[in-house]
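Have the viewer open while you read.

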Amino acid sequence: MYPIGSLFVLQLFLLPLMLFYFEMCFLINNPWSLLDKICKIIYIVAIISMFFWLLCSVFKVISPTGTVTTDWGPKRQIPSYYGVYFETQPINFGSIDTVRNSGIYTESPMFAFTLSLCYGFRVFIQKKSARSNILLILSMLSTMTSTSVIILLGSALVVFLENTKFNKKIQFLIGPLILIIVIYLLCLIALQKITTGESFSVRMDDVHAAFLDWLQNPLFGNGIGNFESLINKMSSARTALQSHLYIGFSSGFMQILALGGIFLELIYTIPIFAFGIANHSKYGFYGFVFSGMILILFFNLIISFEWLFLILLPMLFSFSIFHLGKPIIDDQETNYGI
């Protein structure tokens, strides 16, 4: 039900070899070269998707140029616009019918993941201004995912507290007020999901099922390809509605805990925590925030085996363990195009 072939296993074992690639990038003073190039591609995708989302999905100015068959969930055909934008997820807000912006991806949460990673990298690592990230912010909002809203609100709070020119006493007074506003907005989002859709209950059922599954084999889990064991722990009211082939999962963190146990969970999370700790001298509080953002994405989205996420882990590990206590050199100093 969750195919793990021999090629996939081979690729997973080859991932640690990327440590040598990132080590070389570090040695030539260009550690973030790969992620920087990926983010530039994501930025281009964001431009194209916003153009087509507004003209095609919102204002209906352009008609579909064709259809594409997808088996992400039930097999179905989705509208395609010149092969660069696809309408995968219609959504209803009361009497308003619209479409979530999923760009070139099979669903909007996957698009939100790439956009959020690019946004976090530009804000907390490259330290680019808010003005230069307006397009990414709008693209994240157009995916209509709670994860994007959480990332945007949280980052706005962090940037404000970090860059405010107020004195410490005013910071101390304003900080909690902004935090209360952010928490209130997050509660509104959660309430909206509880009262108008199934996503909240599905996510809670996923967490509950994964926890029960993990308890059976806490140390090493029930096997990476054993998705059936997770399905068996899900609510019967949910599994009875559709075939096991079409039942998805919503939390990468909980999936790894259930199928790989504490052992595999540590392999996934140690690089994330280590990066914030080891590179505090370079990025300060932003380093911890970048790590925290990745953890939020890992918990809220099913990105356990997405290659962008899997490549990110050895990248963070390389910049942490191999260079503990050493500041990462600025990207702008040297660029050899690796």
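This is a predicted model: local features need pLDDT of at least 70, side-chain atom pairs count only at pLDDT 80 or more; totals for chains, interfaces and linings use all residues.

1. Y21, F22, W32, F121, F275, Y283, F290 and F319 come together as one aromatic cluster. Counting ring pairs across the model gives 23 aromatic pairs.

2. Take Y81 and Y85 as an example of a pair. Their ring centres sit 5.7 Å apart with the planes at 45°, so this pair is tilted. How buried are the two residues? Y81 has 2% relative accessibility and counts as buried, and Y85 is buried too, at 0%.

3. Now look at F211 and W214, whose ring centres are 5.8 Å apart and whose planes meet at 45°, so they are a tilted pair. Both belong to helix 8 (residues 199-216), and being three residues apart there puts about one helical turn between them. F211 is partly exposed, at 40% relative accessible area, whereas W214 counts as buried at 17%.

4. Y85, in strand 3, is the bridge partner of Y81. Strand 2 and strand 3 (residues 85-86) run antiparallel, with two bridges.

5. Which residue in strand 2 is the bridge partner of T69? That would be Q77. This hairpin has five residues between its strands, with G73 in the turn showing a positive phi of about 90°.

Notes. Residues are numbered from 1 along each chain as its sequence is written. Side-chain values use heavy atoms; hydrogens and water are left out. Rings of Phe, Tyr and Trp (its six-membered ring) pair if their centres lie within 6.5 Å; planes under 30 degrees apart count as stacked, over 60 as edge-to-face and the rest as tilted. Buried means under 20% relative accessible area, exposed over 50%, partly exposed in between (1.4 Å probe, protein chains only). Helices (H or I, at least four residues) and strands (E, at least two) are DSSP runs, numbered from the N terminus. Two strands pair if DSSP finds at least two bridges between them.
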